[in-house]
Amino acid sequence: MGSSEVDTVDKWITELRDRDFTVRRAAAEHLGSIGDIKAIRPLIEILEDTSEYQIVRNTAAEALVKMDSSAIEPLIYILGNRNENIREYAMKTLVKIGLPSLDLIIYALENGNSNIRLSSIIILGKVGDIRAIDPLVNILSTCNKELFNEAVMALMKIDINHAVNRLIRMFTDADLNARGIAARTLLSMGSASVLPLTELLENMDSDIRYNAAETLEKIGWKPENEFNMIYFLIAKKQWEKLASFGSMAVNYIIKLLEDENADIRMEAVEVLVKIGSSSVDPLINRLGDRNIKINVADALTKIGTPSIMPLIKMLENKDLRDSAAESLIKIGIPSIGPLIMVFIDGKTDIQEIVAELFVKIGTPSVNALIGLLENRDSDIRMKTAGVLDKIGWRPGNQGEKVNYLIAKREWDKLVLYDYTAVKSLIILLMDNKHQASVTETLVKIGIPSVEPLVKLLDNKNTREIAADTLVKIGKPSVDALIKELGNIDSDIRWEAAAALDRIGWDPVNDEEKVSYMIAKRQWDYLDSFGSTATVPLIDIIQDESWQIRQIVAEKLGKICDRIAVLPLIKLIKDKEVDVRVSAVKALGEIGDLCAIKPLVEILGDINWKVRSEIIIALARIGKSSIDPLIRVLGDNNIKEYAAEALVKIGEDSVKPLISVLDDNNVRDCAANALARIGISSILPLINELSFGKNQQVAANILVMLGNQSIEPLVHVLKDKDENVRRLAAKALDKLGWIPGDDEEKVYYLIAISDNNAVISLGAASIEPLISVYGDNDPNIKNILKEICTRITKVAFGRIEKNTDNTFLKDPDVSKLGVPMKNLIQIIIDAESYDFHKVERFITYAVNYIDKKHLNKNIMVRVYGDRNKLHPNIRNLINNIFTDLKYM
């Protein structure tokens, strides 16, 4: 640097003390541009002058930044100034200088006073170079609370992830103090620490796991999933909660069996035991791991029963066999049952291992092994006896002695134990290996063998050998076989009969003959025994063979014994159609009233043959069936068949059917039944039409009955009830009826209220009108007046009727009170007249036409032998009529 430049620097340094702040600022700016280190101290003095304008101090700071590294150390020095404002300017300047100041700041951090260290921490945080991380971490243990917090903030500013990783390494340091500081720092860093800390939950060191969990808990972290929770609980040693995760936690807990901490290993075993069966398979998979197999075996033993079958399976593994066997022995009594199953079903080499386990378990195995002496496999029995011998067992009673002798195949000794031996030998009768020996022994024992052998007839598999053995025993078997002739099973009956044939037995009475014939299925011979066959047939009425059930029902029907009714009733719901048909038919043949209700209940049978037979049966039973059948006419499922039965019963059903015509639910069905019954229904229906409450329905049914209803309906046209006459007329219309004469025509016209037509018929209408109405009805009286006015002639007896409607023949005027004003002639046939009608008419004429008019205007002509005319009539007409002639 030349002298002129030096002079210039000095000049600007001098001007730093000028009274004018603008000059000072300019001087600072020029000194920064020149960069002469001579200016460092004066510029720092500006920074240290708290009374200086801020703009000047800022310019001085900028000038120092432009200097070389010579400015750094002085700036660091003033970081120790007590004045916070001065330190603040120094820090800002050093931050602007940046990386060149890093090494000296780190040095100051490690060696300066508290102010320098605090400022250095802040500067390092703002500079943000990762080289500052280790120094910052290293001072954490020597910091007061303020420095510690600033250091944490600085680390987070520089590179939080880098800082966290450094702290995690410190967290796993052997130095417990370092771990504590790391934990404290990570806690301060909050969520940034979570992930690395959760990874520490899996650390092999239980203390590190615990500290990590504690720190996470303080941060406020919650496990995000079940697996995080499991690691957390392991770290926290919260064993009870851990056990609640069951199978999900097992593999994680098994890892703890390798933990360096013996207490942890012990707790892991206990948790696995609490989890129970879900722990077994994973533990079994680790049974071959030398490092943990003792703990694994301990856990499996404590788990107990759930471990047994997996451990037994491990007996097949030569490498794991000893460990598995040792655990099974320790488990003890609970292992015996499963070992028994393996002993029965296992391979020979496994059987031998299991046998040795029984011996080692000892006395607790005995009861289960005694049970195996009755096993169907003779080899198992033999091996079991051998194991019991090794244990030192001796039979405690006859049953055990018998089973032991059978297992050892010492057949001759068994004869001494008769009934006790039979019970066990019977079980072995189907053992092909020893069947001959067993049969021979049973025959030797004799009578005690009979009942158990008879019971074996129930089993298809043992029936033949049992029968053969009974035949070999001979006569002592007879009584028991006779009883079996009545067995419910037809095959057993047959086998018993065949065995009796082979023994040479013959029936001695009718009961035995019937039972034998039933057993031999010689059905045709039963008819001759009558009721003697009833009970034996009832005894087999539920035979498995439907053909036999069907034959039994048929035979019971022919016998007609009432004690068969209830058994037959049970049979009418048999699954086989032919059986149901025969049972129903039999009930009909017996005719007992008890069968009615059950037969009605099954009228809806799906098979038409059964339904048809039910109808026939109910018809056979007769009147007593009617009410139950009537009651089910409203059942849509069976009403058709109930009606059919009622039709078959016939006339007796009519009145009950009519009685339900007012029921909407059964009306149509009852009506159809009445129509099908036919002529027997007509008069009761006419009566219902005339007097009942179902007049319209009765009329409709009469129409359904056709022409046979016409005559009774014509008679009903004369009924006093207008509605009854009208219904009868409508019914006759539907039947296509045409009146046969004027009288019928008049009654018909009256019924349909065609008064004009009635009047038009003149004389023929008088008597019907009087018969139906009398002459008290004002309307009818007027009609009668009009008709009577038209009457000119009246005839009594066999007088040919004139077609003229003014001609009235044989009238009965006892109820007529209307005069025939235009009457001119009375004709009487003396040989055929009706005395009372003539007498009443003359009396009527005198009373209503007037005697004078009769005497003066009416002629009387008497035909035939006048002597046949009653004297009273003769006197009357002689006294009243002037114009009288005997023709």
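Reply: At 27% relative accessibility, leucine 876 counts as partly exposed, because that class lies between buried, under 20% relative accessible area, and exposed, over 50% (1.4 Å probe, protein chains only). This is a predicted model, in which local features need pLDDT of at least 70 and side-chain atom pairs count only at pLDDT 80 or more, while totals for chains, interfaces and linings use all residues. Residues are numbered from 1 along each chain as its sequence is written, and side-chain values use heavy atoms, with hydrogens and water left out.

Leucine 876 belongs to helix α54; helices (H or I, at least four residues) and strands (E, at least two) are DSSP runs, numbered from the N terminus. Helix α54, residues 871–880, lies across β4 and β5 and runs at about 140 degrees to β5. Contact here means heavy atoms within 4.5 Å. Angles run from 0 to 180 degrees between N-to-C directions, with axes fitted as lines to C-alpha atoms, for helices over the stretch in contact. Helix α52 (residues 835–849) lies across β1 (793–796) and β3, at about 155 degrees to β1.

The five strands form an open sheet in the order β2-β1-β3-β4-β5, with parallel pairing; two strands pair if DSSP finds at least two bridges between them. The edges are β2 (807–809) and β5 (883–886), each with a single partner strand, so one side of each has no neighbour in the sheet. On average, neighbouring strands of this sheet are turned by 15 degrees against each other, direction ignored. Five bridges join β3 (residues 825–829) and β4 (residues 859–863) in the parallel sense. Glutamine 825 stands opposite methionine 859 in β4.
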